[in-house]
Amino acid sequence: MMDYNQDLQGKLLLVGATHAGLAINHNIPSLGLLSSTYGDETPVEWLVIQFGSLNDFAEVKSKISNGQIYELANLVLSEYYYLNSAEILFFIGRFKMGYYGTFYGTIDPMKITNALMQYVRERRQDMDRYEREQYRVQREREIQERGNNRISYVEYLELKKRASMGDKEALRQLTPP
């Protein structure tokens, strides 16, 4: 609770954290891990504090009741157990910055849950982009490691033809390492 407090919300935005960068960091405990390690009460209380900071931040006439915050925390824990603590902080920081709209007159827990669904969609898109980039980098690395061992399709067909005619060097070149 002390390591992932609400002060981290702004810091994550300041350092340019990304959805994928936070999601793939396995050193940050997920809500599910916190729940299985400390029981459901601990992550619920932590979520109550985080949503309370959003409640305090919003300049509205009517705030979320304590009962609504606890219900929201329990719902988030059960539905989004795979999100880690930093992702929740990042979500709330982005919410405070207006990425997910504003509250009009009252804080609506449904607005928060809808914003969380939007956050999860953004997270998936960013993770897909990250995975594509990682794949591209891996492919480039493999190509560089192979060096000049590449040949064109026409050269491959010629090599195959020579191998079928008994050329031992062509057979050797076609044999996988």
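The model is predicted; local features require pLDDT of at least 70 and side-chain atom pairs pLDDT 80 or more, while totals for chains, interfaces and linings use all residues. Residues are numbered from 1 along each chain as its sequence is written, and side-chain values use heavy atoms, leaving out hydrogens and water.

View A. Rings of Phe, Tyr and Trp (its six-membered ring) pair if their centres lie within 6.5 Å; planes under 30 degrees apart count as stacked, over 60 as edge-to-face and the rest as tilted. By this rule there are 9 aromatic pairs. Phe91 and Phe95 form an edge-to-face pair, at 5.8 Å centre to centre and 85 degrees between the planes. Both residues lie in helix H6 (residues 85–96), 4 residues apart, about one turn of the helix; helices are DSSP runs of H or I with at least four residues, numbered from the N terminus. Phe95 is buried at a relative accessible area of 3%. Phe95 also forms a stacked pair with Phe103, at 5.2 Å centre to centre and 15 degrees between the planes. One aromatic cluster is formed by Phe90, Phe91, Phe95, Tyr100, Phe103 and Tyr119.

**View B. Arg94 and the ring of Tyr99.** The charged end of Arg94 sits over the ring of Tyr99, 3.9 Å from its centre. The criterion is NZ of Lys or CZ of Arg within 6 Å of the ring centre and within 35 degrees of the ring normal.

**View C. The buried face of helix H3.** In H3 (residues 31–38), the buried residues are Leu31, Leu34 and Ser35. Seen down the axis of H3, they fall within an arc of 100 degrees, so they line one face of the helix; the arc is that of the directions from the helix axis to the C-beta atoms. Their cover includes helix H4 (41–57), helix H5 (66–79) and H6. Just after H3, Gly39 takes a positive phi of about 90 degrees.

**View D. The largest nonpolar core.** This core has 36 residues, and those with the most contacts inside it are Leu47, Phe51, Val76, Phe91 and Ile112. A nonpolar core is a set of buried Ala, Val, Leu, Ile, Met, Phe, Trp, Tyr and Cys residues joined through side-chain atoms within 4.5 Å. H6 gives the most to this core, with 7 residues. Leaving aside neighbours within four places in sequence, Phe51 is in contact (heavy atoms within 4.5 Å) with residues including Ile69, Val76, Phe91 and Ile112.

Technical notes. Helices (H or I, at least four residues) and strands (E, at least two) are DSSP runs, numbered from the N terminus. Buried means under 20% relative accessible area, exposed over 50%, partly exposed in between (1.4 Å probe, protein chains only).
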